[in-house]
Amino acid sequence: VLDIEQGRVTTSVGVNEEDSEDTINTFSLSPDNEKIISNHRSGLLKLWNWRDGSLVKQWKSIHKGPVSQLAFSKDGVLLASGGTDSSIRIWDLQHQACTHNLRGAQGVISVVQFYSNMVFAAGDDAVIRAWNYSTGRQQLALSGHFSKVTALVFHEDTNQLLSCGRDRVIILWDLPSGTTVRTLPVFEGLEGLVLLPPKFRLPGFKKKVKGGIHVAAAGERGVVRIWEVTEGLEVFTQSNSLVSKATEEGGLAIVQLLFNVERCSLAIISADHNIIIHQLATFVCEKQLVGFSDEVLDLALLGTGGCYLAVATNSTDIKLYNMKDMGCQLLRGHTDLVLTLAAAPSNPSLLLSGAKDNSVRLWLMDPESHAAKCVGVGSRHTLSVGSVALSQLSASFFLSVSQDLCLKLWKIPKKLNSDEVQILNVDVTEIAHDKDINSVSVSPNDKLIATGSQDKTAKLWSVEGLTLLGVLRGHRRGVWCVRFSPVDQVVLSSSADCTIKLWAVSDLTCVKTFEGHDSSVLRAEFISQGMQLITAGADGLLKLWNIKTSECMTTLDDHDGRIWALAVSRDESLLISGGSDSNLVLWRDVTEKRREEAEEARQKLILEEQELANLVKSDQLLSALKLALTLDRPLQVLRIIQEVLKQGQEGLQDTVRQLESDQKAALLKNATVWNCNSKNCHPAQLVISILLDDLSSGDLKIQAFSNMLEGTLPYTERHFKRLTQLLQDLHLLQFTAACMQPQLQGGGSVLK
C-alpha cells in the first residue's frame, strides 16, 4: 500500500507469511476500501485487513488452475473468481461457500465484473457473457470482439456497456437489447479503459467538456487518448507521455488505467513496472512511482546538496529520484539500456549518460522546476558506451570509453538550452586499450585522465591531445574501476583479482595493495578527504579501508548480489550503493555521532561513579547497592553487601527484599561470580540462599536460571566439602584438647 503524497510504502500485506514462495496471482479491493482478497499460487483465496496487514480468512479456490481475475459485488457480500479453467465461481464471503459455478466461457478468463444482478466475464473466445448470479443462468452473450477483451466499463445512466480489447476497437453495447450501438476503431491494442465524469477539464479546452460518454483508453502506443464514444470522436491525445511505445506489434506499453474521481487524476501503469499519475485538467505528471528497478548499474548525485539521485537500471530510461520524498522522474531519450552516469561537481545541474545505443547524452536540470531535459546527444562510438566522466573544475568537457576500445574527449557547448537538443562533437579520439574499457576518471585539476580495461592495465593520459603518459601494470585480471585521490597525486585501481592498488602519479609505481575481498572489486571511491577508501565487491560486501594503515576498518553486508554502483555526496556524509539485487542502500557517516555518544556515556559513567562513592561514604547502602547493580560493578556490590552484613543477616535479608526483580537477577549473577572465590563464598552463599527463597515462593522469576545454577553448584559443593573438612578438623582439635585436659589437671597436683 503506497502513500501517493510521500511516495513510500506504508503497509505490506502478506510479508510475514511462512511460505514466501506462495506468489500472488491477482487481488481485488473491497468496495468499502477495508478488505483485500488475493489468490495465490497454492490455490488459496486469502481475505486481508490491509490497514494492519492481518489475515482474516483463507480457503481453497477449487479452480483447476490459477485464478486470473477477482471482483467484488457492489455491496461487498459476493466475490466472483475467474480462472484459467474457463469457469467463473460465485462466493458467499460470509461463509466462504461457492454458491454457483458459471460455465460457458472458453479459455482463460480475462475480465470479470459485477453489474446490477449480473456478473459479466469474457474468455479467450472474446465473447462477453453475463449470468444472473442468483440463479446461475446465462442471460447475455455479446459477440463483437475478435481478440482478447481487456476491460469492461458500465455506464449506469444509459444502461450501456463499453468494452475494449486487443482487436483495436472500443464497442458500445446496449444491455437491455444485447446489441452493438457503435464500434469505434482506435488502431491500437488496448489494455486500459476508464469512464470519465459527465463534466471535466482538458488541456487546450477553455470550457469544461460535457455531454456524451467520454472514456480514456491506453495500450500499446504508450499514450492516453480520450474518446467521445457516441459520436466516435477522438477528443484528446496525450503529447507528454513518459511511457515508451511497445517495441513490437501486439506488445505491451501501458497495461492498466485507473481514475480517481476525487482528485480528478489518471494513474497509468506501464509494462516497465512504473505508476505515473497525471492531473486530468492539465495532464501534468504529478508523481512517478517506480515499482521494480531490476539491476542497478550506476548512480549519480546531482542538484544543490546532492538532493537528487539519478539511477541507471536495466532500462532505456534514467530514473531521477528526489531524495526527500523519493518522487521519481523518468528521463527518456536513449533507445537501449543505460549503462553509465556521471555528474559534474562544478555544475550540479548537469548529468551525463552513456548507453548500449552507442550514444552519450547530456541532461540539464531546471533549478526551479527540477525537471531534467536532454540538451545534447553524441553518437560517435560504434559499440556500447561503458563509462563516462565529466571535468571537475569547470564543466567544459567530458570523456567517454566504449567496447570499441576508444577513448573520446568531447567539448561541452558554452550555452545549453533546455528547449534545444544540440549535437555534441568529439574533439579527440584515441584507441586506448586492447580490450573492453571499463572505467574512465578525470583528475581534480582537469589535467590527467585515467582508464581501466579488461586487458589488466590502467593507463594515464594527458587531457591535452590525449597523450599517453604511462601504463600501470600489476593486476592479474581486468581492471574494473579507476579513481584519482582528491588530495594526493595517487591513482586508485580495483580489479577482478580481488585487490585494490594505489599508484603514484609521479613515477607510476604501486604504492599500496589492499587485499581482503574474496571476489572481484567492482567499484571503489575515496572518502574522508582521501584518507579512507570504500570498495564494493561482486560478493555483495562493502569494505571501508584506512589508507595509512592499509587495514579494513569495517565490512558492510546489506546486498544480496553484485554491487555495481557507488555514489558519495559532496560533503561525504551520505553513501549510496546499488547492485544486482535491485536495492538502493543509503549509508550515513556516523563516526562523529558515535564519538559524541561515547563521550556522553563516559561523562555519565563518571558522574554515576562519583554518586556511588558519595552514597557509600554517607552510609546509604540500599541506594548504593541499586546504583552499583545498575552500573554492573560486581566488586563494588560485594563491598556493599559486606558492609550490610556487619549489621547482621537480617539486615541483608531486608535490603535484598527491597530490590526490584531485574536488580535481584543482577545480584544473583554477581553472587555466582563471587562464589568462584573461596574468600567471598560466605556473602555469596547468603545472597543465593535469600534469592532461592524468593524463587521457590514464586516472587522472583529469572530467565536462564538453570544455566546460572549449573555454574553455581560445582563451586558450592567444593565450598561445602572444604567447610565440612574444616569442621571435622575443628572437632578433632576440640576432642584432643578435651582428652589432654585431665592429664594436665592431674599433672598439676603432683607438682604441688
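**Entry 1: Helices side by side**

I began with H2 and helix H3 (residues 634–645), whose axes come within 9 Å and cross at roughly 160°. I kept in mind that this is a predicted model. Angles over 145 degrees count as roughly antiparallel. H2 and H3 are therefore roughly antiparallel to each other. I also noted the handedness: H2 passes H3 in a left-handed crossing.

Which residues of H2 and H3 meet? From H2 I listed Leu 621, Ala 624, Leu 625, Ala 628 and Leu 629. Facing them in H3 are Gln 636, Val 637, Ile 640, Ile 641, Glu 643 and Val 644. I sorted the residues of this contact by class and got 9 nonpolar, 1 polar and 1 charged.

Next I looked up helix H1 (residues 591–617) against helix H2 (residues 621–630). Their axes come within 8 Å and cross at roughly 155°. That angle makes H1 roughly antiparallel to H2. The crossing of H1 past H2 is left-handed.

H1 brings Glu 608, Glu 611, Leu 612, Leu 615 and Val 616 to the contact. H2 brings Ser 623, Ala 624, Leu 627 and Ala 628. By class, I wrote down 6 nonpolar, 1 polar and 2 charged residues for H1 with H2.

I then compared my two lists for H2. Ala 624 and Ala 628 are in the contact with H1, and Ala 624 and Ala 628 also meet H3.

**Entry 2: A sheet**

I turned to the strands. Strands of a sheet pair through backbone hydrogen bonds, either parallel or antiparallel. Here I found 4 strands in an open sheet, in the order S15-S16-S17-S18, with antiparallel pairing.

I checked one pair in detail. Strand S17 (residues 169–174) and S18 are joined over 6 bridges in the antiparallel sense. One of my look-ups was Val 169, whose bridge partner in S18 is Pro 185.

**Entry 3: Domains**

Last, I noted the division into domain 1 (1–103 + 118–139), domain 2 (144–291), domain 3 (293–424), domain 4 (432–588) and domain 5 (594–721). How far apart are the C-alpha centres of domain 1 and domain 2? They lie 24 Å apart. At their contact, 9 residues of domain 1 touch 16 residues of domain 2.

Definitions and conventions:
Residues are numbered from 1 along each chain as its sequence is written. This is a predicted model: local features need pLDDT of at least 70, side-chain atom pairs count only at pLDDT 80 or more; totals for chains, interfaces and linings use all residues. Side-chain values use heavy atoms; hydrogens and water are left out. Two strands pair if DSSP finds at least two bridges between them. Axes are lines fitted to C-alpha atoms, for helices over the stretch in contact, and angles run from 0 to 180 degrees between N-to-C directions. Angles under 35 degrees count as roughly parallel, over 145 as roughly antiparallel, 65 to 115 as roughly perpendicular and the rest as oblique. A crossing is left-handed if the near helix is turned anticlockwise from the far one by less than a right angle, and right-handed if clockwise. Contact means heavy atoms within 4.5 Å. Ala, Val, Leu, Ile, Met, Phe, Trp, Tyr, Cys and Pro count as nonpolar, Asp, Glu, Lys and Arg as charged, and the others, Gly among them, as polar. Domain bounds come from an automatic or database domain assignment.
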